[in-house]
Amino acid sequence: MRVLLTSFALDAHFNGSVPLAWALRAAGHEVRVASQPALTGSITAAGLTAVPVGADPGLDAMVKGVGDSVLSHHADQSLDPDAPGQLTPAFLKGWDAMMTATFFALVNDDPMVDDLVAFARDWQPDLVLWEPFTFAGAVAAKVTGAAHARVLSFPDMFMPMRQAFLAQLGPDPADAGSESAHPEDALGQWLQWTLGRHGLPFDEEAVTGQWSVDQVPRSFRPPSNVPAVPMRYVPYNGPVPAVVPDWLRVPPTRPRVCVTLGLTARTSEFPNAVPVDLVLKAIEGLDIEVVATLGAEERALLTHVPDNVRLVDHVPLHALLPTCTAVVHHGGAGTWSTALVEGVPQIAMGWIWDAIERARRQQELGAGLHLPSHEVTVEGLRSRLVRLLEEPSFTEAAARLRTEAESDPTPAEVVPVLERLTAQHRAHGRRRLGGTSASCVS
Amino acid sequence: MTDTETDETTPAAPEQDRQTQQSDSELGRHLLTARGFHWIYGTSGDPYALTLRAESDDPVVLARRIREAETPLWQSAAGAWVTGRHAVAAEVLADPRLSLRHADLPGLQRHVFSDAWSNPLLCHIIPLDRAFLHASGADHARWERSAAPVLGAGAADGHRKHAERVHQETADRLGATFDLMADYSRPAATEAAAALLGVPDAQRDRFAHTCAALGVALDAALCPQPLAVTRRLTEAVEDVRALVADLVAARQSEPGDDLFSTVLRADASGSSGASAAEDALAVGVLTAAVGVEFAAGLINNAVEALLAHPRQWALLGENPELAAGAVEETLRHAPPVRLESRIAAEDLTLAGQDIPAGAQVVVHVGAAGRDPAVFLAPDHFDLTRPVGQGQLALSGPHTSLFGAFARLQAETAVRTLRERHPQLAPADGVRRRMRSPVLGGVLRYTLTTSPTAAA
C-alpha cells in the first residue's frame, strides 16, 4: 500500500515515527514523508523519501516573539485529567486559543496544508500517518479518502485535554445540532475553515485520527476514547552521527551516569530549562563516571568541568544507556522513551506539557525521580541522583517498565495490523492492499 | 443578500469587495491570531490585555487595576498606551491629535499580521470603515453639527412624547418574566432609532435584524469576534448601508424635517468636500451600528444598578424626576461604552510619556468614572449624586453623537419600568456576552414583574 507519513518540520516530533516508516518500507510498502523543506535533510538522513511541502512557517520567529508567554501559560501545569482542580476552564481555553494561534495553525499553515493535499490527490495514499499536531495529514486523508492515524511517541495528554475542553464548552448555544465546530473552539474552527477550503465539513476525526499508533507503554497512557494500536518504541535519535566511540566499548569501572539535554534546544529557539553548569556542579565529587552529551553552545556555558565528567558532542543513546546506572535529562520524549526501553532509572526534568506527566508517573512507578522546576538546584538534583544510585528499587522498577515496553509488538509486527485497519477505514473501491504485492502495483 | 452596493461612487467600495472576498481561512486565521495575542499578553496579568481577553475576570477589578497602575498612562503588553485616570482620560478624549484612525493610512484601517510575532497591530482588529466607525475627527464634528437639530441635546424634548409611547408599548408587551435586553431595551431602542431614520413599517423587521447583528460592532473593533459573528456583522453593515442609502435618496427628492433631511440641508460642502448624502449615510449607519446598542446598554446598566439598590429604586418611585440622575449616575458608574481607542496622529507627550505617532492610546472610561481623585465613594451608585463636572461617558465621538438619544431612551425606560412595574426584580443574574470588553453587552437578564409570584 501507499503510506504518506507527515510531520511538521521539527526533528523531535518526526523522529518518533521513523522506525515505523522503516518497517513499512521493509515490508514492501511505498512510503513518502512529507514535511516543510526544513525537514528534508532529516528525512533523507533517516533513509526515507522526502516530499517537501509548503514553506518555512517561521516557528523560531514565533518562539522568539511570544514563546515565553505561551510557555508560561503551560509551565508547571499538570495535564493529568484525573488531578483535581488542574484542567481549569481558563487553562483549557487559553491552551486552545494560544496553541491554535501560535502553533497548530502555524506549522500547518495554508500553503503547507494545500501543498500536502495536492500531493495526496496526485499520489493517492491508502494510509496517512501523521504526527499528532500535524493536522494537515488528517485533512489530506479526508480529501483523498485515505485511512489515517496519529503516530504517538509521547503520552497523549492532548486528547483528554481536548475532551475536557469540548465537554466544558458544551453544545454551541447559537447553533445547536449542527456539525460545525463550537465558535469558542479555536482548533475546531480553524480545522473547519481548512477542511472547508477543500470542500469538506468539519468533524472531530480530523483531530483524533481514525486510530492511534501508540508507542507509550500502557502505564503511561492517559484514558482516551480513540482506538489505539500499541507499538514498542524503538529508539531513533535523529539525524546525528550514530557512531559507537572506542571508549564506549570498554565497560565502566564506576557507576556511569548519562547527562543529556536533548537536541531540540540545540537546533531551535525552544528554551532549555536546565542550566548545564548546575547539573555538573550537582554531580561533582560523586564516585561516578559521567558522560555528558553537550553541544558546543551548551559547553560554552560551563564554568567548570569536574574530573569525573566526559564531555561528548553526541553518542547514540541506545548504545550508551545500556552501560549506564542512571540518566539525568531535560525531560524530552526521545530521551525519556529510550531510557525507558533500555531499563535505565531516570531523573527527568518535567516543567511543561507531557514532560511533567512522564516524569511524575515515572516516579510514581518507582523507576525514576521527577525534577520539578522549583527543585532545579544543585541540592535538588544531587539528592535525587544519590537516591537513584543507592536504592536498587529504582533499577528493579525500571526493568519492570522495560519488560512492559517489550511486551508491545514491534513496528514490524504492527505493519499487518495497519494493513488491516487501512482496508477497513479507507474509502472503498481503491487499489489492492498488501505488502509486496502493493509495491508491484505502484 | 446581494443588494450590498447602492452607492456606486463610494470610494471604499473596492475595499469592501476585498473584505467580503477574504476566505474563511484568511479572515478566520486573522481573528484567531488576534485572539491568541490577547491570551498571550494576558499571561503576565496585564489588566488591559485581560480586559480585551474578556473572559472570566471581573471587568470592574481589571478597570481598577488599569487605573491604579503606577503611572497614570502606561504601555500594555498588548502595545496600547492605557489610562484609567480621570485627568489623563479627559485630556486624551479632548486632544484633536488623537483620532479614531491612522493619519498616514488612507482607506480601510486594516492591519494584516505578517510574521512579526513581536509587534502585531491590535488597534483595529477588523476594518469597520464601512460602518463609519473609524472616521476622522473632522468628519465626526461635521456629522454632529449637521445632525444637531435632531440628535442634539436641545432637540431631546421634541422626541420625548414619542419615546414615552414607544416605551409604554414595549412595556405593555412584557410578560410576568421577561428578558430585559431581548424584550425591552433592544426593541425599544431599535424602534426609536427606526423612527428617527424614518424606516418604513415594511422594513422594520429587516432593520431590527440588522441592528442586532451590528450590536457587536464597537467590540469587534478591539476584540476579535468568532468568524460567524464577524461575517454577520460585515453583512449587516452592507445591508444597513443599502437600507439607509435608499432612505436618504428618498429624502433628497422629498425633503422633510427629519434627521436625513436635516443633515442633507446642512452646509456640508466645507473643507472635506464630502457630499451631504454621504454625511447622511454616515449618520444613519452610525445610528444603527452605535446608537441602538449604546442606548440599549445604558438602559440595561441603569436598570441593573437600580434593581441592585432597592432603596434607590424606591426613591425613583417617589420622585420620577430622579430618572435623569439615575441615568447620569449610570453613565459614570457603569458606562455602556467602556473603552475609547485612539491613534496618535503625531509624536506627542501625554501625562509625561512620549507617545510616538501611530501609537494606540486607550481610555478606560469605566475606570475613569470611578477615579477617587474626582468622585467621592466612586464605587457607590447614587442617583442623587450631584451632577458635577467630570462626565466622560459621552465624550467620545460616538457617545457624543448619540448621547442625547441614549439619555432620553434610558430616562424614559427607567421611568416607564418603575411606573408600570414597581415590583420589578431580577429573576437571575446578568449574563454578559463573552468577547465584549467595550460594551459588556448583555446576553440575558431575566426580570420578573412580580417576584412573589415567581418565587
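Which residues in α13(B) meet which residues in α18(B)? I took this as my starting point.

**Entry 1: basis.** I worked from a predicted model, in which local features need pLDDT of at least 70, side-chain atom pairs count only at pLDDT 80 or more, and totals for chains, interfaces and linings use all residues. Residues are numbered from 1 along each chain as its sequence is written, while chains are lettered from A and ligands numbered from 1 in the order in which they are written.

**Entry 2: helix pair.** I located α13(B) at residues 276-308 and α18(B) at residues 403-420; helices are DSSP runs (H or I, at least four residues), numbered from the N terminus. From α13(B), I listed G291(B), F294(B), A295(B), L298(B), I299(B), A302(B), V303(B) and L306(B); from α18(B), F405(B), A406(B), Q409(B), A410(B), A413(B), V414(B) and L417(B). Contact requires C-beta atoms, placed from the backbone, within 7 Å. Nonpolar covers Ala, Val, Leu, Ile, Met, Phe, Trp, Tyr, Cys and Pro; charged covers Asp, Glu, Lys and Arg; the others, Gly among them, are polar.

**Entry 3: chain interface.** I found 22 residues of chain B in contact with 27 residues of chain A. On the chain B side, α2 (24-42) and α11 (227-253) each supply at least two residues; α2(B) gives the most, with 11 residues. That side has eight nonpolar, nine polar and five charged residues.

**Entry 4: confidence.** I recorded ipTM 0.92 and pTM 0.93 for the model. Chain B averages a pLDDT (the predictor's confidence in each residue, from 0 to 100) of 93, and 92% of its residues score at least 70.

Technical notes:
Axes fitted to C-alpha atoms, helices over the stretch in contact; angles between N-to-C directions. Contact = placed C-beta atoms within 7 Å.
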